[in-house]
Amino acid sequence: MSRIGKKPITIPSGVTPTIEGQTIKVKGAKGELELTLVDEVSVSMDDGALVISPVNDSQRARAMWGMSRTLVQNMVEGVSNGFSKTLELNGVGYRAQMKGTALNLQLGYSHDITYPAPEGIKIEAPKPTEVIISGVSKQQVGQVAAEIRSMRPPEPYKGKGVKYAGEYIRRKEGKKK
């Protein structure tokens with residue numbers, strides 16, 4: 001039995017879910033998201049809460065049960081509160097600034113890197129060494145943050161690079177004489 005899958009998804013006020021077969025649409029104050037569930041699980045509304053249940057007792061149905069519930073929960077949370085990730089730039093001359101809707105990064109290369117914000121994602125640079133990525137889709141926010149981080153991942157000797165806020169960089173000792 002899936003411990004996560006058993007829990008019903010409570011719907012906060014201001015969020016309206018719509019179920020059409022295997023497709024769930026969730027609309028809230030921040031936006032609208034849609035998800036088509038796999039055939040091994042079914043979804044229903046009970047007392048103002050969404051309930052995900054497996055169709056049969058197969059291994060795949062049980063595996064998809066908890067995952068599907070979490071995906072729907074993230075959709076509900078995203079349209080009501082939204083998600084955000086913060087990146088920090090460490091290094092001499094490493095800077096970030098917004099140019100319109102695109103993020104302009106100076107990461108120690110011979111050229112500046114311009115990263116256009118995808119649809120549905122808001123990027124802010126309140127400080128030159130801080131980037132905040134926010135949006136309604138948890139997957140999309142994480143993907144954009146990972147793409148920006150991959151442009152200059154933190155290195156273990158000096159800790160220079162782009163890292164998540166709160167991320168611990170395991171440092172190595174340099175060469176000995």
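The structure is a predicted model, in which local features need pLDDT of at least 70 and side-chain atom pairs count only at pLDDT 80 or more, whereas totals for chains, interfaces and linings use all residues. Residues are numbered from 1 along each chain as its sequence is written, and side-chain values use heavy atoms, with hydrogens and water left out.

Helix 2 carries a kink of about 25° centred on tryptophan 65, the bend at a residue being the angle between axes fitted to the seven residues ending there and the seven starting there. Tryptophan 65 is among the buried residues of helix 2, which also include Ala61, Met64, Arg69, Val72, Asn74 and Val79; buried means under 20% relative accessible area, exposed over 50% and partly exposed in between, with a 1.4 Å probe and protein chains only. Just after helix 2, glycine 82 adopts a positive phi of about 85°.

When residues up to four places away in sequence are not counted, isoleucine 148 touches Leu87, Leu103, Leu105, Tyr115, Ile123, Ile133 and Val162, contact meaning heavy atoms within 4.5 Å.

Side chains of opposite charge can pair when their charged atoms come close. The structure holds 5 salt bridges, each defined as a side-chain nitrogen of Lys or Arg within 4 Å of a carboxyl oxygen of Asp or Glu. In one of them, arginine 60 pairs with glutamate 40, with the closest N and O atoms 3.3 Å apart. Arginine 60 lies in helix 2 and glutamate 40 in the loop between strand 4 (32–36) and strand 5 (41–46), so the pair ties together parts that are 20 residues apart in sequence. Arginine 60 counts as partly exposed at 44% relative accessibility, as does glutamate 40 at 21%. A further salt bridge joins glutamate 167 to arginine 149, at 2.8 Å between the closest N and O atoms; because glutamate 167 lies in the segment after strand 13 (161–164) and arginine 149 in helix 3, this pair ties together parts that are 18 residues apart in sequence.

Asparagine 104, found in strand 9, is buried, with a relative accessible area of 6%. The side chains of asparagine 104 and aspartate 112 are joined by a polar contact of 3.5 Å, a term that denotes a pair of N or O atoms within 3.5 Å; within protein, one must be able to donate a hydrogen and the other to accept it, and residues adjacent in sequence count only if both atoms are side-chain atoms.

Definitions and conventions:
Helices (H or I, at least four residues) and strands (E, at least two) are DSSP runs, numbered from the N terminus.
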